[in-house]
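This briefing walks through one protein model, topic by topic, for a reader who has the sequence and the coordinates to hand. Please keep the structure open while reading the points that follow.

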Amino acid sequence: MTASTSTTGTTTPAGAPSAAAPEEGAAAGAPASPLLDLPGAVPAEGQDAGTAWHYGDPVREQRLLEQGLALVDLSTRGVVRVAGPDRLTWLHSLTTQAVADLPPRTSTEALLLSPKGHVEQALHVVDDGEATWITVEPGRQAELVAFLDRMRFLLRVEVEDVTDRVAVVGEPVGREGVEGEPVAWVDPWPATAPGGTSYAAVPEDEHPAAGRAWREVLVPRGELEAFTADRDLAGSWAAEALRVEAWRPRAGAESDHRTIPHELDWLRTAVHLRKGCYRGQETVARVHNLGRPPRRLVALHLDGSGHDLPPAGSALSLPAADGAPGRAVGAVTTSARHHELGPVALAVVKRSTPPDAVLHVALPSGGVVTAAQEVVVAP
């Protein structure tokens, strides 16, 4: 993504997620990464502040990452450890995912929803047989711990924010960790998990992320430099470009306070439709059984003739009869320069937006670029 992918002080277009304010420095609870001291490192902003946007050659970094030859510094992600014999059944009752019988070293994704079914947290979950490890977006761990502490009651669980002691490293590997290795969370995307369902417009074997391998490795924070010393590094520019290509939603980027899981195709990996009651379940069931979500995720292929890349929050509109921007239909959520596809983006638009319409994207400079849609969530 671009060095600045969030905007503030703007009016949120109809159907669009509101952009989050960029963080200053590292996210709360996680120190700035020591890898920023490496030669060529350029700091990222927004959600990835505190890590590197790139290390001097973002195109090469994308290619290495795509080939499985690089690591990504995710050390500002929040890490929460949940221990105690009741931990899995307790998390099962609170989240969208069925984790009561989660085997050790098996990864899954879950969401925490509001009572009205809006996405509040996206949880990357793996249990090592003794404790459950959860990673969340940078700066969101304190909120998660506070919520979990309120919900403990008399259950035998212990919740601890370990972000200051445990760092996350991303790598293009699809293998679960084994005994003797660091705990690792393997991204299930885009496979449709048991109890899940897909809202995508393409079958799973035609999904652009088919065959994608990605995991988060949890390493002691003091060993971060040693763990990454023998591998090439790729910055968030490369990681976000490949995420956009994979149509992979990210909490805080594609989601806002109104997001329901259906809009981002999150029912495929993060929601079990046949599990017991949890907060927000009524909305999930009602939309799934009776209708379609009010908004939907799309991928955009942007006109690359100019040099401006629209930041998150850039308004999308249908062209008017005279070619000028017309009715607002949504906004860009993540934009990136892909090493092969050129300028690309993810966006959330009103469900009624014609899938074949070429959209206008408003630039901060006052200009406009055109964008062709690729349907992610079916209308």
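**Briefing on the predicted model**

Five strands make up an open sheet in the order β5-β6-β7-β4-β8, and their pairing is antiparallel. At the edges of this sheet are β5 (107-113) and β8 (158-161), each of which pairs on one side only. With direction ignored, neighbouring strands of this sheet are turned by 25° against each other on average.

- Strand β4 (residues 78-83) and β8 run antiparallel and are joined by four bridges.
- Within β8, the residue that stands opposite V80 is D161.

- Strand β13 (residues 295-302) is joined to β16 by seven bridges, and the two run antiparallel; R296 has V349 of β16 as its bridge partner.
- Strand β16 (residues 342-350) is mostly covered, since eight of its nine residues are buried.
- β13 also pairs with β18 in the antiparallel sense, here over five bridges, and L300 has Q373 of β18 as its bridge partner.
- Strand β17 (residues 359-362) runs antiparallel to β18 and is joined to it by four bridges, with A371 of β18 as the bridge partner of L359.
- β17 and β18 form a hairpin that has five residues between the two strands, and in its turn G366 takes a positive phi of about 100°.

**The largest pocket**

- The largest pocket holds about 740 Å³ of space, and of the 39 residues that line it, R212, W214, A239, L242 and R243 are the closest to its centre.
- At least two lining residues come from each of α1 (58-66), β3 (70-73), β6 (119-127) and α5 (236-245), and α5 gives the most to the lining, with six residues.
- By class, the lining of this pocket is made up of 18 nonpolar, seven polar and 14 charged residues.

- Where do the buried residues of α1 lie around its axis? The buried residues in this helix are P58, E61, Q62, L64 and L65, and they cover an arc of only 165° around the axis, which puts them on the same side of α1.
- As a general point, an α-helix has 3.6 residues a turn, so residues three or four places apart point the same way.

**Cavities**

- The count of cavities of 30 Å³ or more comes to two, and the second largest cavity has about 30 Å³ of space.
- The second largest cavity is lined by L91, T95, V99, A110, L123, V125 and I134, a lining that divides into six nonpolar residues, one polar residue and no charged residues.

**Backbone details in the loops**

- A cis peptide bond, with omega at about 5°, joins W189 and P190; P190 has its place in the loop between β10 (184-186) and β11 (215-220).
- R105 is not a glycine, although its phi is positive at about 60°; this residue lies in the loop between α2 (87-94) and β5.
- F153 is not a glycine either, and its phi is positive at about 50°; F153 lies in the loop between α3 (141-150) and β8.

Definitions and conventions. Residues are numbered from 1 along each chain as its sequence is written. This is a predicted model: local features need pLDDT of at least 70, side-chain atom pairs count only at pLDDT 80 or more; totals for chains, interfaces and linings use all residues. Side-chain values use heavy atoms; hydrogens and water are left out. On a 1 Å grid over the protein atoms alone, a cavity is a set of points where a 1.4 Å probe fits but cannot get out, and a pocket is an open set with protein on both sides within 12 Å along at least five of seven lines; lining residues have an atom within 4 Å of a point. Grid points are joined across faces, edges and corners, and a volume is the space filled by probe spheres set on the points. Ala, Val, Leu, Ile, Met, Phe, Trp, Tyr, Cys and Pro count as nonpolar, Asp, Glu, Lys and Arg as charged, and the others, Gly among them, as polar. Buried means under 20% relative accessible area, exposed over 50%, partly exposed in between (1.4 Å probe, protein chains only). The arc is that of the directions from the helix axis to the C-beta atoms. Two strands pair if DSSP finds at least two bridges between them. Axes are lines fitted to C-alpha atoms, for helices over the stretch in contact, and angles run from 0 to 180 degrees between N-to-C directions.
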